[in-house]
Amino acid sequence: MSRRSPVRPGGRLAPLVASARRWPRLVTPLGRGVLLTGVLTLTVAVALNWQEFVQLGVAAIALVGVGLAWQALPGAPSTSLVLRPSRLVEGGATASAELRVHAGAVPMLFPKVVVPVGPREVAVRLPFLGPYAEHTASVALPALPRGVHAVGPVAHEKADPVGLVSRRVSSGTPTELFVAPRVVELSVFAGGLTNDLDGATSQQLSMSDLAFHALREYAPGDDLRHVHWRSSAKAGELLVRQYHETRRGHVTILLDDCAGSYRRLRDFELAVSVAASVALRAVRDDFDTYLRCGPHVARGRSAAEMTDASCRFVTARDDRYLPLAAEAAGAVSGTGLVVQVTGAARTVADLHAAAGRFGQGVDWLVVRADSEGRAATDDAAGVHQVVVPELALLPELMARGRR
């Protein structure tokens, strides 16, 4: 004999119960006051046999009932949203959202439309919309900090004419608004980093390249094509040309995302602006660029990609700077310059360890963001270090730090 599967108590009635619980939440504070007034009035009318109070109480309760019935009417509106523009710079011009509202079968009596913008909301009151009417409105969005902010979905507050019962009906999909960090123009990338046909010259010597260094004595195994015959004839011995090794123009920027590396929250924002400024200068100079902060990576020669990635940079509680530097070193081969952007609290030992992941012969620069420090460049503890207290000083300090 087959057994029926057990039915959970209230399983079939669960949707109805959930709906019943949801309806009381739709009553606005004004609606609750009207409903309470109606109940108290009916109680007094029954106790004292006052017919006038009975009519008043029934009318109050009926108004709330009409508001609830209004929510059951079909024809919910639909809304589409377009950002203009979708990318901004922190502290610059603000964006606006173009709303296109399509009314349903029920007239909309001066509807209120709410646009979520990150953690904030912007509300706008629309004119009367008849059945199936369409209306376009422009909503100015507030100034936002650096980051990627979700705008939408648009919510319409469906309320009865009296405003006793209200319900939010969301439509559309959220749109991302990118607010980029402030940047400054670096006149010459990295303060005068020279480059030839293939890339930037290094301090390592090579027997076959483009940047001539000096002549030296011939050694067994040297390529005879590099023998300088005129100098050899004068010296009475074979002399060969020696070159600076050149690398492909590749720059790696590592932004420290550990919150403990910064003494103040604004120092991290300053560091983001510094890293973005260096990355954009490298891209404009046609360098292959690798920008990383925590899990967020941008690479290539696209300014838009670097800027969009910098919008997503946030701090983390865990200190994973050294493992992330090792991942970056593994992902990038042949980089010519590593720029570490960090705060005042990061130790020099950690910076040395991170730079060591990239091997020998790589140029290395540390930029510390310290909004209450003094602008300085030094080579203490074998580190080419630049301290930036404000973004406007970055071009001058970077030029001094690379000389």
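The lining of the second largest pocket is made up, by class, of 4 nonpolar, 5 polar and 1 charged residues, where Ala, Val, Leu, Ile, Met, Phe, Trp, Tyr, Cys and Pro count as nonpolar, Asp, Glu, Lys and Arg as charged, and the others, Gly among them, as polar. The model is predicted, so local features need pLDDT of at least 70 and side-chain atom pairs count only at pLDDT 80 or more, while totals for chains, interfaces and linings use all residues. Residues are numbered from 1 along each chain as its sequence is written, and side-chain values use heavy atoms, with hydrogens and water left out.

**Pockets**

- The second largest pocket holds about 190 Å³ of space, and of its 10 lining residues Gly359, Gln360, Gly361, Val362 and Trp364 lie nearest the centre.
- A pocket, on a 1 Å grid over the protein atoms alone, is an open set of points where a 1.4 Å probe fits, with protein on both sides within 12 Å along at least five of seven lines, and its lining residues have an atom within 4 Å of a point; the volume is the space filled by probe spheres set on the points, which are joined across faces, edges and corners.
- In the largest pocket there is about 300 Å³ of space, and among its 20 lining residues Leu109, His156, Glu157, Lys158 and Ala159 lie nearest the centre.
- Strand β8 (residues 154–159) gives the most to the lining of the largest pocket, namely 4 residues, strands being DSSP runs of E with at least two residues and helices runs of H or I with at least four, numbered from the N terminus.

**Aromatic rings**

- The structure holds 2 aromatic pairs, a pair being rings of Phe, Tyr or Trp (its six-membered ring) with centres within 6.5 Å, called stacked if the planes are under 30 degrees apart, edge-to-face if over 60 and tilted for the rest.
- The rings of Trp50 and Phe53 have centres 5.0 Å apart and planes at 80 degrees, so this pair is edge-to-face.
- Tyr262 and Phe268 also form an edge-to-face pair, because their planes stand at 80 degrees, with the ring centres 5.4 Å apart.
- Both Tyr262 and Phe268 are buried, whereas Trp50 is partly exposed at a relative accessible area of 40%; buried means under 20% relative accessible area, exposed over 50% and partly exposed in between, with a 1.4 Å probe and protein chains only.

**Around Tyr218**

- Tyr218 is found in the loop between β12 (211–217) and α4 (229–235), and with a relative accessible area of 31% Tyr218 is partly exposed.
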